[in-house]
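Dear colleague,

I am passing on a structure that may be new to you, and I would be glad if you could look it over alongside the notes below.

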Amino acid sequence: MNSNKYVSISPFEQELMHKNNALLVLHSLTPKTFPSNTQIHWHDYFEIEIFLDGTAEYIYNQTKYSVKRGDAFLINLNDIHSISITDKITILNIRFNNDFLNSVITDYISLNSSKFYTHFNEEEISEILSLAESFKQEEKNANIFYKIMLSNIVENIVMVIIRHCSTNQTAENIPSTVQNVVSHINYHYNQTLSLNECARKFSIAPDYLGKLFKKNIGISFNEYLNQTRINQACKLLMATDMSVNEIAVESGYTSTEHFIYTFKKHLGTTPSKYRKSRTLYDNYF
């Protein structure tokens, strides 16, 4: 594990994340203190990254962005991302667990994966930095109800990003059938699942469900299912010593060959190479 204080989560930061269910850090990174190309990865928490200085290339769910001051991403639990830097950059990084915010907000983020990239002007950057300073003060003072204040501050920042990216769609007006199917996939991804099986379960025509799912989620049923399975596989590759065959089965694939093919198609590398390279980004933001 790389121990550079700028890019790894220190024991103190880990303690804060565990204690408060959220963490706010200002990172100043250079190619010397941070690998120029971090491996594509994901986290089991939500994440906000706002670029304050410098330029970089950022991959967000297979889409590449050339980022600069003011660019911001809201990263879902299931979002795959990486960063490549050639110069000094400064990033405001905020992480928070699933139960840190109102469930209506986290449900909305989960149902709109890959849609939260925006750009802030200077006035908006100043407002967000002011909120970040309030977060650090609340965290430092730890007065009565300070955790509620931390949640409110992060909620404000999240809402600003969501409204910037808003398509006037909320979790409430996404059809309940689609929400049920998404939930079914999230809980049963390691079982035999198909569009036809879900259509039967929720009493809807398969063709109609497929169109409804893509219209509301932005990707097809199979794409969402594979993304969920690959994300779980990444977690197992990083956190366990299970074999690739075992991980394929645990992630919902009946064929190891198909698992390896799908994994490489999504991430550009094999499961074995992904596991070997994990020390390059272990605990990086």
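This is a predicted model: local features need pLDDT of at least 70, side-chain atom pairs count only at pLDDT 80 or more; totals for chains, interfaces and linings use all residues.

Residues are numbered from 1 along each chain as its sequence is written, and side-chain values use heavy atoms, with hydrogens and water left out.

The protein chain has 11 helices and eight strands, taken as DSSP runs (helices are H or I, at least four residues; strands are E, at least two) and numbered from the N terminus. Of its 285 residues, 49% count as buried, that is, under 20% relative accessible area with a 1.4 Å probe, protein chains only.

Five strands make up an open antiparallel sheet in the order S1-S7-S2-S5-S8, where two strands pair if DSSP finds at least two bridges between them. Its edge strands, S1 (22-29) and S8 (117-119), each pair on one side only. Eight bridges join S1 to S7 (residues 89-96), and the bridge partner of Val-25 in S7 is Asn-93.

In helix H2 (residues 103-111), the buried residues are Ile-105, Thr-106, Tyr-108, Ile-109 and Leu-111; they pack against S2, S5, H4, H5 (176-188) and H7 (206-217), contact meaning heavy atoms within 4.5 Å.

How values were computed. Buried means under 20% relative accessible area, exposed over 50%, partly exposed in between (1.4 Å probe, protein chains only).
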